[in-house]
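The sequence and structure come first.

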Amino acid sequence: MYSDGEKVYMEDDDLCLSCENYVKEFECPLLGALVQGTVYLEDNLVVKKCGFYKEFKRVLHIVRNKKDENNNIN
């Protein structure tokens with residue numbers, strides 16, 4: 001994670017990208033403190049262990065359309 005002064009950017013290695021607090025709800029106390037300006041990033045930071053981490057798993061289901069006698073998709 002790094003900051004350009006106004007925005008916080010996530011790197012591929014950051015644990016935040018798979019955290020429910022970031023992906024689903026944006027209720028992460030660490031990111032909230034960065035956004036509010038309570039905490040500042042002076043250098044790059046890679047989040048590997050975090051006490052606020054909740055794993056977020058995406059569950060996708062493939063739904064296949066069935067065709068009726070007239071080739072209409074239902």
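Predicted model: local features only at pLDDT ≥ 70, side-chain atom pairs only at ≥ 80, totals over all residues.

Asparagine 21 is part of helix H1. A polar atom of its side chain lies 2.6 Å from the backbone oxygen of phenylalanine 52. Leaving aside neighbours within four places in sequence, the residues in contact with asparagine 21 are Phe26, Glu27, Cys28, Phe52 and Lys54.

Aspartate 14 sits in the loop that runs between strand S2 (8-9) and helix H1 (20-25). Aspartate 14 is also buried, yet has no salt bridge. The nearest side chain of opposite charge belongs to lysine 48, 7.4 Å away. The side chain of aspartate 14 does reach the backbone nitrogen of glutamate 11, at 2.8 Å. With neighbours within four places in sequence left aside, aspartate 14 is in contact with Met1, Leu45, Val46 and Val47.

| Side chain | Backbone atom | Distance |
|---|---|---|
| asparagine 21 | oxygen of phenylalanine 52 | 2.6 Å |
| aspartate 14 | nitrogen of glutamate 11 | 2.8 Å |

How many cavities of 30 Å³ or more does the structure hold? There is 1. The largest cavity contains about 60 Å³ of space. Asparagine 21 is one of the residues that line the largest cavity. Phe52 and Cys28, both in contact with asparagine 21, are also in the lining. Val47, a contact of aspartate 14, lines the largest cavity too. The rest of the lining consists of Leu15, Cys16, Cys19, Tyr22, Cys50 and Tyr53.

Conventions:
Residues numbered from 1 in each chain as written. Heavy atoms only, no water. Helix = DSSP H or I, 4+ residues; strand = E, 2+ residues; numbered from the N terminus. Buried < 20%, exposed > 50% of the residue type's maximum accessible area, 1.4 Å probe, protein only. Lys, Arg positive; Asp, Glu negative; His and termini not counted. Salt bridge = Lys/Arg side-chain N within 4 Å of Asp/Glu carboxyl O. Polar contact = N/O pair within 3.5 Å; in protein donor to acceptor, adjacent residues only side chain to side chain. Contact = heavy atoms within 4.5 Å. 1 Å grid on protein atoms, 1.4 Å probe; cavity = no way out; pocket = protein on both sides within 12 Å on 5 of 7 lines; lining within 4 Å. Points joined across faces, edges and corners; volume = space filled by probe spheres on them.
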